[in-house]
Amino acid sequence: MLRHYLTVTVRNLLKHKLIAGINLFGLTTGLTCCLLILAYILHETSYDRRVPEAERIYRVTRDFYNPDGAATLQLSAVAPVVGPLLKNDFPQIEKITRLLLFSPVVVRHADRILTEDSLMFSEPAFLDMFAVRMLSGDARTALSEPNSLILEQSAARKYFGDQDPMNQELKLDGRIACKVTGVYQGLPENSHLHPAVLVSFSTLNDSTVYGERNLRTSWSNNAFHTYLQLPAGYDARQLEAQFPAFLDRHQPQNKRATDYVRPSKMTALQLQRLTDVHLHSNRADELEPNGDVNRVYIFGIIALFVLLIACINYMNLSTARAALRAKEVGVRKVVGAQRSEIILQFLGESVLITAVATGLAVGCTVLALPWLSRLAGTALPPQLLWQPAVLLGLLVLPLVVGVVSGLYPALFMSSFQPQQILKGFTKISGGLAFRRVLVVVQFVVSIGLLVSTAVVGLQLRYLRQAPLGYDRAQIVTLAYPLPLRPQYEAFGQALQQQAGVQALARSSRIPTGRLLDASDAAAGIGDSLRPTSANVKYLGIDEGFLPTYGIKLAAGRNFDPKAFPTDTLGFILNATAVRMIGWKSPAEAVGQAFRYGGVLGRVLGVTQDYHFESLHQPIVPMVMFLSSATSRSSYNYVSVKLAGGNVAGSLQHLERTWKEFLPDEPFTYTFLDESYAKLYQAELRQTLLFSIFAGIAILIACLGLFGLSSFAITQRVKEIGIRKVLGASTSTIVMLLSSDFMKLVLVAALLAFPLSWYVMHRWLQDFAYRINMPWWVFPLAGLAAAGVALATIVSQTVSVARANPVKSLRTE
């Protein structure tokens, strides 16, 4: 029996090659999209899960609040003192370890000088907690002694080539000599951190590096990534509940004028599960860019929608050829076939086609994974699909998808009455409303994806073209190493001897970065100096910063320490700071007393607001001062403004000058435009993927429309012949046949518009600065879908409308 069903199935597929091919193409495409997205989801949800006891490991994070309780800063790291105090106060903590990122740093070995972007100081417990596999050296002792370090295997090749790195010396930052005590296997790609060099944490005890007293007492410098392991079955919320009392017990209270505020009112510690870091964390100082769980949900929904559209296609195309197989069903029933047997046969055909489509989809997925990896910016190996659960799913998939997509056609075609079919009454109209609903669903999804693609693209264009309040064009940024500091003036003069260099400046941070530094502020309002409730972030700059970046002043003047030596005690605020402090205008703020970080001075100027951070964040109140005004800030970057003519020549001059003054420092630079573009890479990738999947959805939906229209046209061949005999033109018949289907697209558009508006409105809330969704996006998406649908329908109706009516009427 099964052999007979298989033979009949193969004969029918070969007999109706076009419909079978479209069915196979639609299912293969839909399943390929699903498998690609599944690989992406499996990768994103696998982060840090290879770490033993990952469910018991937590990262300690820290938030800061305004007096009104609003969060002003969310950090993934804490102060150095927090880890040891937690271990001391809470014996239930089994393990604890701290990491301090110390990058970029210049690393020297013999005559080789390289820049390392992923060097961390690490406590020994990190190796055990994260199950770091040592290739050379002993994990128990490799990081126990000061001035020792271990290298990730690729870093070992980078610094030593084929030599044995063990017991060799590397010099960090030109002053910290360290001995190599081990080589380790790099952490998996699906880990939220990838240190290339781990230096023993005890090295920080050296006062020239960090200082033992700072490690033991400092509640500032929240740069220490701290991880702890709790007992099995222990509820982390029990520990979190004790953190406010812990802060009040240990952290010194900040004095605001004459009032003391409890530390737990201004800051908070939380525990974040290790496996939640990648998808559920987007804090200001993440070690590496994280993913987004909402993006995972979005692409998961898209995968289901694309597969749904493919299944709908199968239903429509199968019912479209119902008339072609009506006599087969009639004959089978006459010779004794039961309805259940006919249903089984059609379901078997569906499962067979789906099985073939699944096999093709697996092959297409393996071929397409490298492309998706480049597009997603992460490695997606085919091994993701060879997991037992996925393989089991691939085996069950043909049965599930085959039954879902084939059940309705099987029930529909098995319901034919043999006496009517064999008498020649082959007009089949049952279930037409249901099939139309299916097509509407397809186009709701397709139009929704088109709207989403357009809105994401417009938001990205806005981000690229939005006025930032500063000029980022032709600005090159470089590190500001210690050896450059005493000779910076001579370095700058040498640079500006070439016309291609227009200006240069120093700063503690550069635009496109995050403003993470803040201190207590007090402002002169009336006759008194009052503490401000605004969380004012600070930026150390020199007098060249504002002109180099083209930042305009709203009132007052720029720093000029040569003409005004007291400018070292002066401050420049942005307009947002002036407004939040309470001054009526920038002009009123100029000349007012201002105290920040323990330094009392006056406001020299007020800049217009500019977007120092990405447009995901709102403009925050900011104060700028000369770095010498306070020990809490130092210059870390040099920004060089180049002329637009001969950029390559200017870069060569910059490199020559750098090597002249800093022969032992590697020359590395970044264009600010490139740093700005990286802020929105995730959105750019999302736009590309949306565009691709929207195009695939439209393509598959049109295949479904092809099925429905071919079904309807098959039923109306004689009607078309009669109309032609009575004088109807080809264009009239095309319009008549097309109008019914275009109504379906119109209904789909009316349903898709409010749904897509709601979804994209929610997505835009992630941006502090965003577009207003233009109204024309919605009709444009509808027209695009309608145009493609019309082309699909017309391609079929024209040939039928032009056919000789004698052929369709000669049986009458």
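Predicted model: local features only at pLDDT ≥ 70, side-chain atom pairs only at ≥ 80, totals over all residues.
Residues are numbered from 1 along each chain as its sequence is written, and side-chain values use heavy atoms, with hydrogens and water left out. Local features need pLDDT of at least 70, side-chain atom pairs count only at pLDDT 80 or more, and totals for chains, interfaces and linings use all residues.

A disulfide is a covalent bond between the sulfur atoms of two cysteines. With a disulfide taken as a pair of cysteine sulfur atoms within 2.5 Å, the count is 0. Cysteine 33 is in no disulfide; its nearest cysteine sulfur belongs to cysteine 34, 7.0 Å away. Cysteine 33 is buried (under 20% relative accessible area; exposed is over 50%, partly exposed in between; 1.4 Å probe, protein chains only). Its relative accessible area is 3%. Cysteine 178 is also buried, at 1%.

The unreviewed UniProt entry annotates residues 21-42 and 437-458, among others, as "transmembrane region". Such annotations may be inferred rather than shown by experiment. Residues 21-42 are 100% helix, with end C-alpha atoms 31 Å apart. Residues 437-458 are also 100% helix, and there the ends lie 32 Å apart.

Helices (H or I, at least four residues) and strands (E, at least two) are DSSP runs, numbered from the N terminus. Helix H25 spans residues 730-764 and reaches 48 Å from its first C-alpha to its last. Strand E16 (residues 475-479) is largely enclosed by the rest of the structure, because 4 of its 5 residues are buried. Strands pair if DSSP finds at least two bridges between them. E16 runs antiparallel to E26 (residues 637-642), joined by 5 bridges. Leucine 478 stands opposite valine 638 in E26.

Definitions and conventions: Expected span 1.5 Å × (residues − 1).
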